[in-house]
Amino acid sequence: MSFFGMGRPQPTSAEKIAAVENELKVVAEMHSRMVKICTLKCIDKTYREGELSKGESVCLDRCAAKFFEAHTSISEQLQKETANRGGGGFMG
């Protein structure tokens, strides 16, 4: 319940748990998409070596950084739009 009945009500424990579970789901999905996209882009399909080459390693690093940066930017924009509409917070 909110302070003196004014403002938004505080989330219950179950709502907090659901929000954290949703956040974990979003992060896991982002990770899965990132691995798939960056692997297809950066890793040679012939697997000539047991270790990543320098070029593959650099490509994966840059791909992951760009993917995360884009995800963060989109998430922030969605949070702003949700807040401007007066809705609840968007996590992820």
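The side chains of Arg85 and Glu81 form a salt bridge, with 3.7 Å from N to O. The model is predicted, so local features need pLDDT of at least 70 and side-chain atom pairs count only at pLDDT 80 or more, while totals for chains, interfaces and linings use all residues. Residues are numbered from 1 along each chain as its sequence is written, and side-chain values use heavy atoms, with hydrogens and water left out.

**Exercise 1.** State how many salt bridges the whole structure has, and classify the partners by accessibility.

*Solution.* 
- Step 1: apply the criterion, a side-chain nitrogen of Lys or Arg within 4 Å of a carboxyl oxygen of Asp or Glu. A search of the whole structure gives two salt bridges.
- Step 2: one is the Arg85 and Glu81 pair; Arg48 and Asp44 also meet through their side chains, at 2.6 Å from N to O.
- Step 3: Arg85 is exposed because its relative accessible area is 65%, and Glu81 counts as partly exposed because its value is 32%.
- Step 4: Arg48, at 69%, counts as exposed, whereas Asp44, at 28%, counts as partly exposed.

**Exercise 2.** Check whether the span of α1 agrees with its number of residues.

*Solution.* 
- Step 1: helices are DSSP runs of H or I with at least four residues, strands are runs of E with at least two, and both are numbered from the N terminus. The protein chain has two helices and zero strands.
- Step 2: the expected span is 1.5 Å times one less than the number of residues.

**Exercise 3.** Identify the residues of the largest nonpolar core and the elements that supply two or more of them.

*Solution.* 
- Step 1: such a core is a set of buried Ala, Val, Leu, Ile, Met, Phe, Trp, Tyr and Cys residues joined through side-chain atoms within 4.5 Å. The largest has seven residues: Met30, Met34, Cys38, Cys42, Ile43, Cys63 and Phe67.
- Step 2: α1 (13-42) and α2 (54-84) each give two or more residues to this core, and α1 gives the most, with four.
- Step 3: list the buried residues of α1, which are Val26, Met30, Met34, Cys38 and Cys42. Their cover includes α2.
- Step 4: take contact as heavy atoms within 4.5 Å. Leaving aside neighbours within four places in sequence, Met34 contacts Thr39, Ala64 and Phe67.

Notes
Buried means under 20% relative accessible area, exposed over 50%, partly exposed in between (1.4 Å probe, protein chains only).
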